Amino acid sequence: MPKSPDKTEQAVASERIDARIAELADWRGEALAEARRLIHAALPGVTETWKWRGVPVWEKNGILCTGETYKDKVKLTFAKGATLPDPQGLFNASLEGNARRAIDLYKDDKLNTKAFTALIRAAAELNASGKKK
């Protein structure tokens, strides 16, 4: 099992995520900030990390989801999304894989906060269970 980031690493990661949101300075930054807010509200004490040369990652007993930003979208990828219940149909990308599922947000899209919160909590529960699928 990978080691947990220490407090200094977590602080640096949080600062980098703050900087990413600020540098975007458009709807993508707002969408990423809203997803981040919802993740922290759903799971107080969630760990923020910064991986793969610039990807915000939220973890609790393993990766929950990532928050990548592109020119035309914000992609929230759930590491074990294929295993998670998604009754509201939030997952709209990476549907062909065996493990990951993603939510692609485009300009003017509104994230279903209740369904997203349920996905985050389900991902944390799955990680805590130790099951791979």
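Over the ring of which residue does the charged end of K51 sit? In this predicted model, the ring in question belongs to W52, and the charged end of K51 lies 5.9 Å from its centre.

R28 itself belongs to helix α2, which covers residues 27-42. With a relative accessible area of 16%, R28 counts as buried, because the cut-off for that class is under 20%.

The aromatic rings come next. The structure holds two aromatic pairs. In one of them, the ring centres of F78 and F91 are 5.4 Å apart and the planes meet at 75°, so the pair is edge-to-face. This pair links distant parts of the chain: F78 is in strand β4 (residues 74-78), while F91, 13 residues apart from it, is in the loop between β4 and β5 (101-105). F78 and F91 are both buried.

The other pair joins F78 to F116, with centres 6.0 Å apart and planes at 80°, so this pair is also edge-to-face. Since F78 lies in strand β4 and F116 in helix α3 (residues 113-129), the pair ties together parts that are 38 residues apart in sequence. Both F78 and F116 are buried. Taken together, F78, F91 and F116 form one aromatic cluster.

Terms used
Residues are numbered from 1 along each chain as its sequence is written. This is a predicted model: local features need pLDDT of at least 70, side-chain atom pairs count only at pLDDT 80 or more; totals for chains, interfaces and linings use all residues. Side-chain values use heavy atoms; hydrogens and water are left out. Helices (H or I, at least four residues) and strands (E, at least two) are DSSP runs, numbered from the N terminus. Buried means under 20% relative accessible area, exposed over 50%, partly exposed in between (1.4 Å probe, protein chains only). Rings of Phe, Tyr and Trp (its six-membered ring) pair if their centres lie within 6.5 Å; planes under 30 degrees apart count as stacked, over 60 as edge-to-face and the rest as tilted. A charge sits over a ring if NZ of Lys or CZ of Arg is within 6 Å of the ring centre and within 35 degrees of the ring normal.
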